Amino acid sequence: KDPNFNFIFQGGYAKSEKSQNTVYKFNASVGHADLNAINIDRRGKSMIQLRTNANFTKTGKGNLLGRIDIGEIMLENKGGRYEIGDIILTSNSTDNKYTARLNSRFANGSYTGSASIADFVKDIKNVTIEREIPALTGKYAEKYSGNTYDLEFVCHNVQNVLAFAAPGLYIENGTALNANIDEKGNLKAELSSGRLAFKRNYMKGFMLSIDNEDNSLNGMASCGEISAASIVMNDNLLQLHANDNHIGAGFSFDNHGDSETRGEFIVSGDVSRDDDSRIFDIRIMPSSLHYNSQEWNIQPSDIRIHDGSVSIDSFGAISGEQTISLHGRASEDPGDELSLYLERFDLSLINALLPKDFGIKGAATGVASLTSPVSDREILVDMLCDSSYVANVPLGVFRMGMTWNDNAERFDFKAKNDLGGKENVDVSGYYSPKAKYLSTQAAFDGFDIGYA
């Protein structure tokens, strides 16, 4: 008897050699299952208990017809213990009409179609990716089957399930998905939610619609408010278009406030194949971003992703004296290098990405380079920060360098400052990614406690 898995099963199955259908009838009870101990869930503490009654048929094509009741579900992880309630799954087929239902406290769903759910998934791929972007999979669309489908799914209070399955994720009650395909293969799908969130990041008033009208795949997502890394964007709109292995996308937002914050970002691209690998050729179109009344002009550039390598031709943005640019190639070929260049970059912008304002100021100039092969993780940094501040206390000129120590398989770093001709901060150390170990030494001379 395994102390990590307490399980009782009663029932059996019978298979028809003629139809290849298999009938299952059973009752089962899982009094205790430690999913971590039996190597199913490696995230840490993970317990489950439930009971189930099942009476269904698995057809020769793999479809499930019948009813499955799962009850008294209890989930537990390091965050707590969660009662899920009962789940009822039913599936039936009569006269080429397939129906399926999910009933539970946390969600309800229904499916109706002239073919099975497995065929629904195949037909969705056929009228979307395989029709408009076949280079993604290497498979081209076939003539449409003529099947019709309707799918509805609504979330209720799903937080107990998410607290166990995906801690930090939030899906608001009433979040709904609807999708249908008619006999001509015309697809319409919508996803709506009042709020979606992961930890501190969230989207409010989210709406996504997808269709394949006008011989193309089209998508539009709108969102009243997005908060990511403490940056808030309002009136967000994302538009997508795909046709004949060509893809276009445009994103815009506008905060409509006294402090002008708005922007747009436009890209286009093509997908192709070379032997068994995909090639993505992406073109960044001229775009702009206004943040706190500061205008950034995004320069046109080209990006290619192919066979594990990324090539970037001068992707960058300019705002007055400030410049950010990314240029080069990252791959497994020795000699390639991808470099990020900064010219008088305003460090105060970093404060918006942090949990609270640390009073960081200054102008950064320098380069950070990723050398190839990328699997060696060799990063070189040479950065000079002029008129720098931390916690609104002057740090002067601050210089930082970092190199990869191949023999020790670690990053060695060093940083020091110059404040009015005096060096009062000198930091050195190393970080080992393999051991996940950080070693730091610091020397202070006349150090201002305000930095802390």
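This note sets out points on the fold, surface, salt bridges and backbone of the structure above.

1. Basis of the note. The structure is a predicted model, in which local features need pLDDT of at least 70 and side-chain atom pairs count only at pLDDT 80 or more, while totals for chains, interfaces and linings use all residues. Residues are numbered from 1 along each chain as its sequence is written, and side-chain values use heavy atoms, with hydrogens and water left out.

2. Overall form. The protein has three helices and 29 strands; helices (H or I, at least four residues) and strands (E, at least two) are DSSP runs, numbered from the N terminus. The C-alpha trace spans about 90 × 60 × 50 Å along its principal axes. The radius of gyration is 28 Å, whereas a compact globule of 452 residues would have a value near 22 Å. That radius is taken over C-alpha atoms, and the globule rule is 2.2 Å times the number of residues to the power 0.38.

3. Burial. Of the 452 residues in the protein, 33% are buried. Buried means under 20% relative accessible area, exposed means over 50%, and partly exposed lies in between (1.4 Å probe, protein chains only). Tyr111 and Glu152 are 41 residues apart in sequence, and their C-alpha atoms are 6.6 Å apart in space.

4. Negative patch. On the surface, Asp274, Asp275, Asp276 and Asp307 gather in a patch of negative charge. Patches are made of residues with over 30% relative accessible area and no salt bridge, like charges being joined within 9 Å and nonpolar side chains (Val, Leu, Ile, Met, Phe, Trp, Tyr) within 5 Å. Lys and Arg count as positive and Asp and Glu as negative, with His and the chain ends not counted; the place of a charge is NZ of Lys, CZ of Arg, CG of Asp or CD of Glu. Asp275 belongs to the loop between strand S16 (262-274) and strand S17 (277-284). With a relative accessible area of 72%, Asp275 is exposed.

5. Nonpolar patch. Phe5, Phe7 and Phe9 form a nonpolar surface patch, and together they have about 290 Å² of accessible area. Accessible areas come from the Shrake-Rupley method with a 1.4 Å probe; for residues, only the protein chains shown count as cover. Phe7 is part of strand S1 (residues 5-15) and is partly exposed, at 41% relative accessible area.

6. Salt bridges. Side chains of opposite charge can pair when their charged atoms come close. The structure holds 17 salt bridges, a salt bridge being a side-chain nitrogen of Lys or Arg within 4 Å of a carboxyl oxygen of Asp or Glu. One of them joins Asp333 and Arg329, at 3.3 Å from N to O. Both partners are partly exposed: Asp333 has a relative accessible area of 42%, and Arg329 has 26%.

7. Salt bridges between strands. Asp386 and Arg344 form a salt bridge with their closest N and O atoms 3.8 Å apart. Because Asp386 lies in strand S25 (residues 378-390) and Arg344 in strand S23 (residues 337-346), this pair ties together parts that are 42 residues apart in sequence. Asp386 is partly exposed at 29% relative accessibility, as is Arg344 at 34%. Lys414 and Asp426 also meet in a salt bridge, at 3.4 Å from N to O. Here Lys414 is in strand S27 (residues 410-418) and Asp426 in strand S28 (residues 425-432), 12 residues apart. Lys414 is partly exposed, with 40% relative accessibility.

8. Backbone points to inspect. Most residues other than glycine have a negative phi, and most peptide bonds are trans. The peptide bond from Ser372 to Pro373, however, is cis, with omega near 5°; Pro373 lies in the loop between strand S24 (361-371) and S25. Ser314, a residue other than glycine, has a positive phi near 55°. Ser314 falls within strand S21 (residues 309-319) and is partly exposed, at 39% relative accessible area. Glu409, which is not a glycine, likewise has a positive phi, of about 50°. Glu409 is in the loop between strand S26 (393-405) and S27, and Glu409 is partly exposed with a relative accessible area of 39%.
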